[in-house]
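Okay, thanks everyone for making it. I've got one structure to show today, so let me put it up and then talk you through it.

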Amino acid sequence: MTHRVAVIGGDGIGPEVIAVALDLIKAVGVDLDTTDYDLGGERYMRDGTVLPDELLEELRTYDAILLGAVGSPGVPPGVIERGLLLKIRFEMDQFINLRPFVTDDHNIVVIRENTEGMYAGEGGFLRKGTPNEIATQGSVNTRMGVERCVRFAFDLANRRFRKHLTLVHKTNVLSFSGDLWQRAFNEVATDFPKVETAYNHVDAACIYFVEDPGRYDVVVTDNLFGDILTDLAGAVSGGIGRAASANLNPARTSPSLFEPVHGSAPDIAGQGLANPVAAVISAAMMLDFLGETDAATRIRSAVDAASAVAGFDSGDTATIASAIRAKL
Ligand code: IPM
Ligand code: MN
(Lines give C-alpha, C1' and ligand atoms only; values in the text may rest on other atoms or scores of the structure.)
(Ligands and ions follow the chains in the order given, each with its own letter.)
Protein backbone atom coordinates (compact mmCIF):
# COMPACT_ATOMS: atom_id res chain seq x y z
CA MET A 1 0.00 0.00 0.00
CA THR A 2 1.31 3.45 -0.91
CA HIS A 3 1.17 6.16 1.74
CA ARG A 4 0.88 9.77 0.67
CA VAL A 5 3.19 11.90 2.80
CA ALA A 6 3.66 15.68 2.75
CA VAL A 7 7.30 16.52 3.50
CA ILE A 8 8.25 19.88 5.00
CA GLY A 9 12.05 19.79 5.24
CA GLY A 10 11.99 23.38 6.43
CA ASP A 11 15.02 25.43 7.37
CA GLY A 12 18.62 24.91 8.45
CA ILE A 13 19.41 21.29 9.25
CA GLY A 14 15.75 20.27 8.67
CA PRO A 15 16.16 19.12 5.04
CA GLU A 16 19.47 17.39 5.88
CA VAL A 17 18.00 15.16 8.59
CA ILE A 18 14.77 14.48 6.66
CA ALA A 19 16.78 13.25 3.66
CA VAL A 20 18.39 10.60 5.89
CA ALA A 21 15.00 9.55 7.30
CA LEU A 22 13.44 9.21 3.81
CA ASP A 23 16.42 7.25 2.57
CA LEU A 24 16.06 4.72 5.42
CA ILE A 25 12.31 4.39 4.79
CA LYS A 26 13.08 3.59 1.17
CA ALA A 27 15.74 1.11 2.25
CA VAL A 28 13.22 -0.88 4.33
CA GLY A 29 10.94 -1.10 1.30
CA VAL A 30 8.01 1.08 2.39
CA ASP A 31 6.26 2.70 -0.53
CA LEU A 32 5.84 6.41 0.17
CA ASP A 33 4.42 8.87 -2.31
CA THR A 34 6.02 12.08 -1.04
CA THR A 35 5.38 15.69 -2.00
CA ASP A 36 7.78 18.41 -0.86
CA TYR A 37 6.43 21.65 0.54
CA ASP A 38 8.73 24.64 0.66
CA LEU A 39 7.65 26.22 3.95
CA GLY A 40 9.36 27.79 6.95
CA GLY A 41 11.45 30.83 7.79
CA GLU A 42 13.37 30.98 4.50
CA ARG A 43 10.16 30.84 2.48
CA TYR A 44 8.65 33.57 4.68
CA MET A 45 11.70 35.80 4.16
CA ARG A 46 11.47 35.26 0.39
CA ASP A 47 7.79 36.00 -0.25
CA GLY A 48 5.93 36.38 3.06
CA THR A 49 4.18 33.01 2.82
CA VAL A 50 3.67 31.15 6.11
CA LEU A 51 0.76 28.71 5.68
CA PRO A 52 -2.21 30.00 3.69
CA ASP A 53 -5.55 28.30 4.36
CA GLU A 54 -5.65 26.70 0.87
CA LEU A 55 -2.33 25.03 1.59
CA LEU A 56 -3.56 23.87 4.97
CA GLU A 57 -6.53 22.24 3.23
CA GLU A 58 -4.19 20.61 0.73
CA LEU A 59 -2.02 19.22 3.56
CA ARG A 60 -5.17 17.77 5.10
CA THR A 61 -5.48 15.34 2.20
CA TYR A 62 -2.27 13.45 3.08
CA ASP A 63 -1.89 10.33 5.22
CA ALA A 64 0.85 11.99 7.29
CA ILE A 65 3.19 14.99 7.41
CA LEU A 66 6.93 14.67 8.03
CA LEU A 67 8.68 17.86 9.15
CA GLY A 68 12.38 18.60 9.67
CA ALA A 69 12.68 21.93 11.46
CA VAL A 70 11.42 25.43 10.80
CA GLY A 71 12.80 28.80 11.82
CA SER A 72 15.45 31.19 10.56
CA PRO A 73 17.35 34.06 12.13
CA GLY A 74 15.72 37.30 11.13
CA VAL A 75 12.13 36.09 11.30
CA PRO A 76 10.32 37.75 14.21
CA PRO A 77 9.47 35.33 17.04
CA GLY A 78 6.04 33.74 16.73
CA VAL A 79 5.52 34.16 12.98
CA ILE A 80 6.51 30.62 12.03
CA GLU A 81 5.70 29.05 15.41
CA ARG A 82 2.12 30.33 15.52
CA GLY A 83 1.54 30.62 11.79
CA LEU A 84 2.85 27.23 10.74
CA LEU A 85 3.58 24.71 13.52
CA LEU A 86 0.81 25.61 15.94
CA LYS A 87 -1.62 26.27 13.11
CA ILE A 88 -1.14 22.71 11.89
CA ARG A 89 -1.34 21.24 15.42
CA PHE A 90 -4.53 23.15 16.23
CA GLU A 91 -6.33 23.03 12.87
CA MET A 92 -5.59 19.34 12.41
CA ASP A 93 -6.59 18.62 16.02
CA GLN A 94 -3.30 16.88 16.77
CA PHE A 95 -4.12 16.86 20.45
CA ILE A 96 -1.37 14.46 21.54
CA ASN A 97 2.31 15.31 21.41
CA LEU A 98 4.02 11.99 22.06
CA ARG A 99 7.72 12.11 22.91
CA PRO A 100 9.67 8.93 23.76
CA PHE A 101 12.95 8.95 25.68
CA VAL A 102 14.80 5.65 25.70
CA THR A 103 18.27 4.92 27.10
CA ASP A 104 19.85 1.85 28.68
CA ASP A 105 18.51 3.09 32.03
CA HIS A 106 15.04 4.42 31.32
CA ASN A 107 12.15 4.11 28.90
CA ILE A 108 9.79 7.07 29.22
CA VAL A 109 6.99 8.37 27.04
CA VAL A 110 5.83 11.91 27.71
CA ILE A 111 2.29 12.66 26.57
CA ARG A 112 2.00 16.40 26.19
CA GLU A 113 -1.42 17.98 25.60
CA ASN A 114 -0.99 19.75 22.26
CA THR A 115 -3.94 22.04 21.50
CA GLU A 116 -4.73 24.01 24.68
CA GLY A 117 -3.11 25.47 27.79
CA MET A 118 -0.85 28.50 27.49
CA TYR A 119 -0.50 27.79 23.78
CA ALA A 120 -4.16 28.51 23.01
CA GLY A 121 -3.39 32.18 22.43
CA GLU A 122 -5.81 33.51 25.02
CA GLY A 123 -5.02 37.04 26.21
CA GLY A 124 -3.98 40.35 24.78
CA PHE A 125 -2.64 43.82 25.35
CA LEU A 126 -4.17 46.87 26.90
CA ARG A 127 -2.53 50.27 26.36
CA LYS A 128 0.26 48.60 24.44
CA GLY A 129 3.46 50.60 24.27
CA THR A 130 2.44 52.99 27.04
CA PRO A 131 3.81 53.04 30.61
CA ASN A 132 0.46 51.63 31.76
CA GLU A 133 0.61 48.67 29.42
CA ILE A 134 -0.92 45.35 30.48
CA ALA A 135 -0.35 41.97 28.83
CA THR A 136 -2.29 38.84 29.80
CA GLN A 137 -1.71 35.31 28.58
CA GLY A 138 -4.18 32.78 29.91
CA SER A 139 -4.14 29.02 30.06
CA VAL A 140 -7.13 27.37 28.41
CA ASN A 141 -8.08 23.96 29.80
CA THR A 142 -11.29 22.34 28.61
CA ARG A 143 -12.65 19.28 30.34
CA MET A 144 -12.95 17.57 26.94
CA GLY A 145 -9.39 18.47 25.93
CA VAL A 146 -7.83 17.40 29.20
CA GLU A 147 -9.86 14.21 29.42
CA ARG A 148 -9.04 12.97 25.93
CA CYS A 149 -5.35 13.57 26.56
CA VAL A 150 -5.39 11.85 29.94
CA ARG A 151 -7.38 8.93 28.50
CA PHE A 152 -4.84 8.49 25.69
CA ALA A 153 -2.05 8.39 28.30
CA PHE A 154 -3.87 5.81 30.44
CA ASP A 155 -4.57 3.67 27.40
CA LEU A 156 -0.90 3.79 26.41
CA ALA A 157 0.30 3.02 29.96
CA ASN A 158 -2.14 0.11 30.11
CA ARG A 159 -0.53 -1.45 27.04
CA ARG A 160 3.05 -1.10 28.35
CA PHE A 161 4.98 -3.51 30.55
CA ARG A 162 5.15 -1.34 33.69
CA LYS A 163 1.63 0.12 33.41
CA HIS A 164 2.61 3.23 35.34
CA LEU A 165 1.36 6.76 34.68
CA THR A 166 2.49 10.00 36.33
CA LEU A 167 0.50 13.21 36.11
CA VAL A 168 2.80 16.24 36.13
CA HIS A 169 1.30 19.64 36.92
CA LYS A 170 1.51 22.41 39.52
CA THR A 171 -1.69 21.80 41.46
CA ASN A 172 -0.34 23.56 44.55
CA VAL A 173 -0.34 26.90 42.76
CA LEU A 174 -2.46 26.50 39.60
CA SER A 175 -5.52 25.74 41.66
CA PHE A 176 -8.03 26.05 38.81
CA SER A 177 -6.37 24.30 35.88
CA GLY A 178 -4.51 21.91 38.17
CA ASP A 179 -7.73 20.96 39.88
CA LEU A 180 -9.42 20.22 36.55
CA TRP A 181 -6.45 18.08 35.46
CA GLN A 182 -6.33 16.19 38.75
CA ARG A 183 -10.07 15.46 38.74
CA ALA A 184 -10.05 14.32 35.11
CA PHE A 185 -7.01 12.14 35.86
CA ASN A 186 -8.64 10.55 38.93
CA GLU A 187 -11.88 9.87 37.10
CA VAL A 188 -10.28 8.33 34.02
CA ALA A 189 -8.09 6.23 36.35
CA THR A 190 -11.16 4.27 37.47
CA ASP A 191 -11.45 2.91 33.90
CA PHE A 192 -7.88 1.57 34.09
CA PRO A 193 -7.59 -0.41 37.33
CA LYS A 194 -4.35 -2.11 36.20
CA VAL A 195 -2.49 1.20 35.77
CA GLU A 196 -0.54 2.39 38.79
CA THR A 197 -0.62 6.18 39.12
CA ALA A 198 1.57 8.90 40.60
CA TYR A 199 1.59 12.69 40.75
CA ASN A 200 4.56 15.10 40.68
CA HIS A 201 4.67 18.87 40.71
CA VAL A 202 6.51 20.02 37.60
CA ASP A 203 9.43 21.56 39.48
CA ALA A 204 10.02 18.34 41.41
CA ALA A 205 9.67 16.38 38.16
CA CYS A 206 12.61 18.39 36.78
CA ILE A 207 14.77 17.06 39.61
CA TYR A 208 13.56 13.48 39.16
CA PHE A 209 14.14 13.57 35.39
CA VAL A 210 17.79 14.36 36.12
CA GLU A 211 18.38 12.31 39.27
CA ASP A 212 16.03 9.35 38.97
CA PRO A 213 14.42 9.13 35.50
CA GLY A 214 13.98 5.36 35.97
CA ARG A 215 10.96 6.04 38.16
CA TYR A 216 8.93 7.11 35.12
CA ASP A 217 7.06 5.03 32.55
CA VAL A 218 4.36 7.22 30.96
CA VAL A 219 4.06 10.89 31.95
CA VAL A 220 1.08 13.08 31.07
CA THR A 221 1.13 16.86 31.35
CA ASP A 222 -0.15 20.09 29.88
CA ASN A 223 1.17 21.89 26.81
CA LEU A 224 3.74 24.29 28.31
CA PHE A 225 4.97 21.98 31.08
CA GLY A 226 5.31 19.29 28.41
CA ASP A 227 7.30 21.60 26.15
CA ILE A 228 9.82 22.39 28.89
CA LEU A 229 9.97 18.93 30.43
CA THR A 230 10.65 17.24 27.09
CA ASP A 231 13.67 19.45 26.37
CA LEU A 232 14.97 18.42 29.78
CA ALA A 233 14.12 14.78 29.10
CA GLY A 234 15.99 15.01 25.79
CA ALA A 235 19.03 16.48 27.51
CA VAL A 236 19.22 13.54 29.94
CA SER A 237 18.46 10.92 27.27
CA GLY A 238 21.39 11.24 24.92
CA GLY A 239 20.82 14.83 23.89
CA ILE A 240 18.27 16.72 21.86
CA GLY A 241 19.76 15.17 18.69
CA ARG A 242 17.93 11.97 19.56
CA ALA A 243 14.57 13.40 20.72
CA ALA A 244 11.70 12.48 18.39
CA SER A 245 8.05 13.48 18.47
CA ALA A 246 4.66 12.67 17.03
CA ASN A 247 1.84 15.21 16.89
CA LEU A 248 -1.07 12.81 16.78
CA ASN A 249 -4.68 13.11 15.81
CA PRO A 250 -5.62 9.72 17.28
CA ALA A 251 -9.14 9.97 15.84
CA ARG A 252 -7.54 10.23 12.38
CA THR A 253 -9.90 13.01 11.29
CA SER A 254 -6.79 14.81 9.91
CA PRO A 255 -3.21 13.72 9.29
CA SER A 256 -0.69 13.51 12.12
CA LEU A 257 2.68 15.29 11.97
CA PHE A 258 6.03 13.75 12.86
CA GLU A 259 9.07 15.91 13.66
CA PRO A 260 12.28 15.93 15.69
CA VAL A 261 12.06 18.01 18.88
CA HIS A 262 15.15 20.02 17.90
CA GLY A 263 15.14 23.22 15.89
CA SER A 264 16.76 24.27 12.63
CA ALA A 265 20.22 24.85 14.23
CA PRO A 266 21.34 27.55 11.74
CA ASP A 267 24.82 27.55 13.32
CA ILE A 268 25.61 24.09 11.94
CA ALA A 269 23.34 24.08 8.86
CA GLY A 270 24.83 23.05 5.55
CA GLN A 271 27.93 21.52 7.09
CA GLY A 272 26.77 17.91 7.29
CA LEU A 273 27.10 17.95 11.08
CA ALA A 274 23.48 17.43 12.15
CA ASN A 275 22.54 14.31 14.09
CA PRO A 276 19.74 12.70 12.04
CA VAL A 277 18.65 10.25 14.77
CA ALA A 278 15.72 12.35 16.05
CA ALA A 279 14.34 12.67 12.51
CA VAL A 280 14.88 8.95 11.85
CA ILE A 281 13.01 7.94 15.01
CA SER A 282 10.25 10.43 14.19
CA ALA A 283 9.96 8.78 10.78
CA ALA A 284 9.74 5.36 12.45
CA MET A 285 6.90 6.69 14.59
CA MET A 286 5.20 7.81 11.39
CA LEU A 287 5.56 4.32 9.93
CA ASP A 288 4.02 2.86 13.10
CA PHE A 289 1.07 5.22 12.80
CA LEU A 290 0.65 4.27 9.12
CA GLY A 291 0.52 0.60 10.09
CA GLU A 292 4.01 -0.23 8.80
CA THR A 293 5.04 -1.64 12.16
CA ASP A 294 7.62 -4.15 10.87
CA ALA A 295 9.47 -1.45 8.94
CA ALA A 296 9.30 0.88 11.94
CA THR A 297 10.76 -1.79 14.20
CA ARG A 298 13.56 -2.49 11.72
CA ILE A 299 14.55 1.17 11.64
CA ARG A 300 14.42 1.56 15.42
CA SER A 301 16.44 -1.64 15.94
CA ALA A 302 19.03 -0.43 13.44
CA VAL A 303 19.35 2.86 15.35
CA ASP A 304 19.78 0.93 18.60
CA ALA A 305 22.38 -1.40 17.10
CA ALA A 306 24.31 1.46 15.52
CA SER A 307 24.12 3.47 18.77
CA ALA A 308 25.73 0.61 20.67
CA VAL A 309 28.91 1.07 18.63
CA ALA A 310 31.37 3.42 20.35
CA GLY A 311 31.69 6.85 18.74
CA PHE A 312 28.35 6.65 16.90
CA ASP A 313 27.03 10.01 18.09
CA SER A 314 30.30 11.82 17.46
CA GLY A 315 30.07 11.19 13.71
CA ASP A 316 28.76 13.58 11.08
CA THR A 317 25.37 13.22 9.38
CA ALA A 318 26.59 10.92 6.60
CA THR A 319 28.61 8.71 8.96
CA ILE A 320 25.67 8.29 11.34
CA ALA A 321 23.32 7.62 8.40
CA SER A 322 25.51 4.89 6.96
CA ALA A 323 26.06 3.34 10.40
CA ILE A 324 22.28 2.99 10.77
CA ARG A 325 21.88 1.71 7.20
CA ALA A 326 24.51 -0.94 7.80
CA LYS A 327 22.44 -2.32 10.69
CA LEU A 328 19.12 -2.54 8.83
C1 IPM B 1 8.42 22.13 20.29
C2 IPM B 1 8.82 23.53 19.95
C3 IPM B 1 7.56 24.32 19.63
C4 IPM B 1 6.70 24.34 20.86
C5 IPM B 1 7.78 25.76 19.14
C6 IPM B 1 8.78 25.82 18.02
C7 IPM B 1 6.47 26.40 18.76
O8 IPM B 1 9.54 24.11 20.98
O9 IPM B 1 7.84 21.44 19.42
O10 IPM B 1 8.67 21.69 21.42
O11 IPM B 1 6.85 25.20 21.73
O12 IPM B 1 5.82 23.47 20.96
MN1 MN C 1 9.92 22.78 22.65
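I'll go through the ligand site, then a helix, then one phenylalanine, and end with the cores. Before anything else, keep in mind that this is a predicted model.

So, ligand 1. Which residues surround ligand 1? You've got Glu81, Leu85, Arg89, Arg99, Arg112, Tyr119 and Asp227. Arginine 99 puts a polar side-chain atom 2.8 Å from an oxygen of the ligand. For arginine 112, there's a side-chain N or O atom that is also 2.8 Å from a ligand oxygen. And tyrosine 119 has a polar side-chain atom 2.6 Å from an oxygen atom of ligand 1. As for cover, ligand 1 has 320 Å² of accessible area on its own, and the protein covers 76% of that.

Now, Leu85 was on that list of residues around the ligand, and leucine 85 is also where helix H4, residues 79–91, is kinked. The kink is about 30°. Quite a few residues of H4 are buried: Ile80, Gly83, Leu84, Leu85, Leu86, Ile88 and Arg89.

On to strand S4, residues 96–102, where phenylalanine 101 sits. Is that phenylalanine buried or exposed? Phenylalanine 101 counts as buried, because its relative accessibility is 2% and the cut-off for buried is under 20%. What does phenylalanine 101 touch, leaving out residues up to four places away in sequence? The contacts are His106, Asn107, Ile108, Val110, Thr230, Ala233, Gly234, Ser237 and Ala243. Serine 245 is 144 residues away along the chain, yet its C-alpha is 9.8 Å from the C-alpha of phenylalanine 101.

The largest nonpolar core has 64 residues, and the members touching the most others are Leu98, Ile111, Leu165, Val220, Phe258, Met286 and Ile324. Helix H9, residues 277–289, gives the most to this core, with 10 residues. Then there's another core apart from that one, with 20 residues, including Leu56, Leu84, Ile88 and Met92.

Going back to leucine 165, its contacts beyond four places in sequence include Phe154, Phe185, Val195, Glu196, Thr197 and Val220.

That's what I had, thanks.

Key
Residues are numbered from 1 along each chain as its sequence is written. Chains are lettered from A and ligands numbered from 1 in the order in which they are written. This is a predicted model: local features need pLDDT of at least 70, side-chain atom pairs count only at pLDDT 80 or more; totals for chains, interfaces and linings use all residues. Side-chain values use heavy atoms; hydrogens and water are left out. A nonpolar core is a set of buried Ala, Val, Leu, Ile, Met, Phe, Trp, Tyr and Cys residues joined through side-chain atoms within 4.5 Å. Buried means under 20% relative accessible area, exposed over 50%, partly exposed in between (1.4 Å probe, protein chains only). Helices (H or I, at least four residues) and strands (E, at least two) are DSSP runs, numbered from the N terminus. Contact means heavy atoms within 4.5 Å. A residue is near a molecule or strand if one of its heavy atoms lies within 4 Å of it. A polar contact is a pair of N or O atoms within 3.5 Å; within protein, one must be able to donate a hydrogen and the other to accept it, and residues adjacent in sequence count only if both atoms are side-chain atoms. Accessible areas come from the Shrake-Rupley method with a 1.4 Å probe; for residues, only the protein chains shown count as cover. The bend at a residue is the angle between axes fitted to the seven residues ending there and the seven starting there.
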